[in-house]
2 protein chains.
Amino acid sequence: MKTNYSAYPRMNVKTLNKHVVVDLIRFTSGGISRAGLSRELGLTRAAVTSIVNDLSDMGIVREAEKQTSGGRKPAVLEIVPSQGYVVGVEMGATHILALVADYSARVIREKEIQIDIKDGPEVCLSALDRVVQQVIAEAGLQLVDIHAIGIGVPGPVVISEGLVSAPPIMPGWDNFPIRSVLNKKWDCHVLLNNDAELGALGEWAYGAGRNEANLVYIKVGTGIGAGLIFDNELYHGVTGSAGEIGHITIRENGSICTCGNRGCLEAVAGGNAIALRASEEVQRGKRTQLVGFGDFYQITINDVISAARKGDLLCQQIISEAGTHLGTAIASLVNLINPSIVIIGGGVAQSGDLLLEPIRTAVSRRSLRVASKAVRVSAALLGRRASAMGAVVQALSHSLHQFSE
Amino acid sequence: MKTNYSAYPRMNVKTLNKHVVVDLIRFTSGGISRAGLSRELGLTRAAVTSIVNDLSDMGIVREAEKQTSGGRKPAVLEIVPSQGYVVGVEMGATHILALVADYSARVIREKEIQIDIKDGPEVCLSALDRVVQQVIAEAGLQLVDIHAIGIGVPGPVVISEGLVSAPPIMPGWDNFPIRSVLNKKWDCHVLLNNDAELGALGEWAYGAGRNEANLVYIKVGTGIGAGLIFDNELYHGVTGSAGEIGHITIRENGSICTCGNRGCLEAVAGGNAIALRASEEVQRGKRTQLVGFGDFYQITINDVISAARKGDLLCQQIISEAGTHLGTAIASLVNLINPSIVIIGGGVAQSGDLLLEPIRTAVSRRSLRVASKAVRVSAALLGRRASAMGAVVQALSHSLHQFSE
DNA sequence: GATTTTGTGTTAAATAACTTGACATTTAAT
DNA sequence: ATTAAATGTCAAGTTATTTAACACAAAATC
């Protein structure tokens, strides 16, 4: 008796149930026993035994070490970690972060490099290839050991095609066949997705969004994007561009944005906007810790954040203002989506409560009571790894579901 | 082999499939044959035959008259209309519309009265009771013939409790036990829901949103609200208040709104806002067809719409401006949700292209290319009946699913 | 106009995937 | 020590479905 698992493609009932069991084992913190699975699934214990036996014979699932803490404990199940490995990659505007994880989603190695996404696909994808190859080698593995590689990019992804369509902060990448190029290099399953969506997935599976069915993840970096999880599933929209919150209009006549419009959220509260704002104030001679940076050096968002953390008032104020603008947009989003949690991640979120508090204030002031009472605004628990971790989760899902056929 | 029908509660597999079959027969325009069901469900024709036989024995389903147009036609199935009846009601700020429909969702009688929702629950629910009783009688039926009654109200509904929570345009209704009061009066299943959500459901089932999996319905009346359908299912959010788009901030320092904030969409583009705007202009002595209305008579939104339709330039301009503001909000929504269609309904939508064109312009200017290319902006096909029709659909679903146990 | 092809709907037997009910096992409560 | 309660397993029975065969009707082909 199983009903509602719309995420899985058509397959026979037992295989479907196997997949559900695998996911319940993966995503239940503290593990789950056969009896627990029975309750969750609405199947009898006898049926669960049969399913788990199959998975155990395949080598995917095993019983965890029993805790010696006394008291009868049911046999808790876990995924066999060494059955396979995956790689999760986040490509941002200025960096690439790659993680290698085993079948239980434990990260066994990571590596980060700096890039500039404006160098275009050829240059960046070569760099991407190098990091991935290196991190695999450093983990003591080879490419053939890797079942799948998940990649997050900061633009609207057409999942079926494996490319990005008209990405505002990825000039030169429009319709470039990212997935097929990488497929040729690696000869394993490559899954391309939007970075904010993957951040949402990561936080839902292993971060601040555990056990939350309706979740919004806001990635505030160079760009601003949102990942949406509705009823425990990633929501893409019709063409896969859902969550593009960065280019909603905040100020009718605000400063001009990379997308061509005026007053976009990203042009007001994005990483570049904050850095630009700081530069202007410095040049106007405002008193700040950043003064020493001079005219030739380009002030970055990280400079502003670290100065703010060290107590610099100007930088704190700039970040706080960005938070207020973000909060206005998030308040609208809370009214519209009515989520149980909004998770703030991405580079700018490193500034912590300096950014979060103004957001919380705006949400409680501008959202309807019903909605604002029901929502928490939290920082990403996985921090800068959120998107890469989501890529891991996705690659793992793909691989496990293939494996358990 | 059936997988993804998460809308249905837990039940055994065949019963579940029965419900799916009933819904496919209901919602497939032009009807569907056993072979068609087989393809849709992924079941064999033999299995479908067995399921349809059961439903036929219950009296819910039958074969439609064969078209005599020649050429082999499969036996098209239909719901037996006379097996049961339901009522669908829309309660707006100023009116109540009640529909009686048979099991095939054909409306057999309707009735509308004027009310003022500010008179509070006792007064309005008595009026509601009267209209419903009358329309049932006029349809030649009695209360015992009615299997379920669906009701839409213009505020955030807590479905589990059957009441509204902190509704901006329903003063005096906060936490009033609407459903249980009506239950006592009628002694049949009462389903309370948000009017915009029901509008979305109605348009999805029988209107402009047929065959669209991801749909947004915007109800522009006295209040402004949205109904969301994601992956063919109504989306409520955690506490049932999703879609409350009327109180997102459009102008930081705009005019004050019933909700207490400033510059809400509703305070700028809602029915009351439009009427108020017209009154002001008239008092300022602007040249308009409305001049004759004098100072004592309160100009209504309907006056403005009919004047605009008759060519009054001022009224046209006021509606067009409201459309532009709506369009800005809808553009954000399109970026965020990436729907395939946005349907504009509610009283103000009676003004047609005068309202729609500015919305389309704003969406194509302010939304990302990927999202705006994928979306159509249309008027509600069911017009002022959209929400009440959604209430019918919901009541019918409830009744049919109960019946086919 | 006869023949083949294609799609529809039905039936009976076989199979997959459960449930039922009984039982051994382990721990907690009395 | 005894009882209660939950876990995990096994064999037998049940249900919903598939398989495979066939009858039927219309369209396409010759």
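Across all chains of this predicted model, a search of the whole structure finds 38 salt bridges. One of these joins the side chains of B:Glu78 and B:Arg62, with N and O 2.5 Å apart. B:Glu78 sits in strand β3 (residues 76-79) of chain B, while B:Arg62 belongs to strand β2 (residues 61-63) of chain B, so the pair ties together parts that are 16 residues apart in sequence. As a general point for readers new to such pairs, side chains of opposite charge can pair when their charged atoms come close.

Between chain B and chain A the count is two salt bridges. A:Arg369 and B:Asp174 form a salt bridge, and here the closest N and O atoms are 3.5 Å apart. Polar contacts can be counted across this interface too: 22 residue pairs are in polar contact between chain B and chain A, with both residues at pLDDT 80 or more. On the side of chain B that touches chain A, at least two residues each are supplied by α2 (34-41), β12 (224-230), α10 (313-337), α11 (353-366) and α12 (369-374) of chain B. Of the elements on this side, α10(B) gives the most, with six residues. Sorted by class, the side of chain B facing chain A holds 25 nonpolar, 21 polar and 11 charged residues.

The extent of the meeting between the chains can be described in two ways. Counted by residues, 57 of chain B are in contact with 56 of chain A. Counted by area, about 4800 Å² is buried between chain B and chain A, and carbon and sulfur atoms give 54% of that area.

How the two copies are arranged is the next point. In general, two copies of a chain are related by a rotation about an axis and a shift along it. In this model, chain B is superposed on chain A by a rotation of 180° with 0.1 Å of shift along its axis, at an RMSD of 0.1 Å. This is the relation of a two-fold axis. Of the interface residues of chain B, 98% are also interface residues in chain A, so the copies meet through the same surface.

Within a single chain, the picture turns to domains. Chain A is divided into domain 1 (13-79), domain 2 (83-202 + 386-403) and domain 3 (210-380). The centres of domain 1 and domain 2 of chain A, taken over C-alpha atoms, are separated by 30 Å. Where these two domains of chain A touch, nine residues of domain 1 are in contact with nine residues of domain 2. The area buried between domain 1 and domain 2 of chain A is about 800 Å², with 63% given by carbon and sulfur atoms.

Across this interface of domain 1 and domain 2 of chain A, zero salt bridges are found, while five residue pairs are in polar contact, both residues being at pLDDT 80 or more. Helix α1 (residues 13-27) of chain A provides the largest share of the domain 1 side that touches domain 2, namely five residues. By class, that side of domain 1 of chain A has five nonpolar, two polar and two charged residues.

Notes
Residues numbered from 1 in each chain as written. Chains lettered and ligands numbered in written order. Predicted model: local features only at pLDDT ≥ 70, side-chain atom pairs only at ≥ 80, totals over all residues. Heavy atoms only, no water. Contact = heavy atoms within 4.5 Å. Buried area = accessible area lost by both parts, 1.4 Å probe. Salt bridge = Lys/Arg side-chain N within 4 Å of Asp/Glu carboxyl O. Polar contact = N/O pair within 3.5 Å; in protein donor to acceptor, adjacent residues only side chain to side chain. Helix = DSSP H or I, 4+ residues; strand = E, 2+ residues; numbered from the N terminus. Nonpolar A, V, L, I, M, F, W, Y, C, P; charged D, E, K, R; others polar. Least-squares fit on C-alpha atoms with pLDDT ≥ 70 in both. Domains from an automatic or database assignment.
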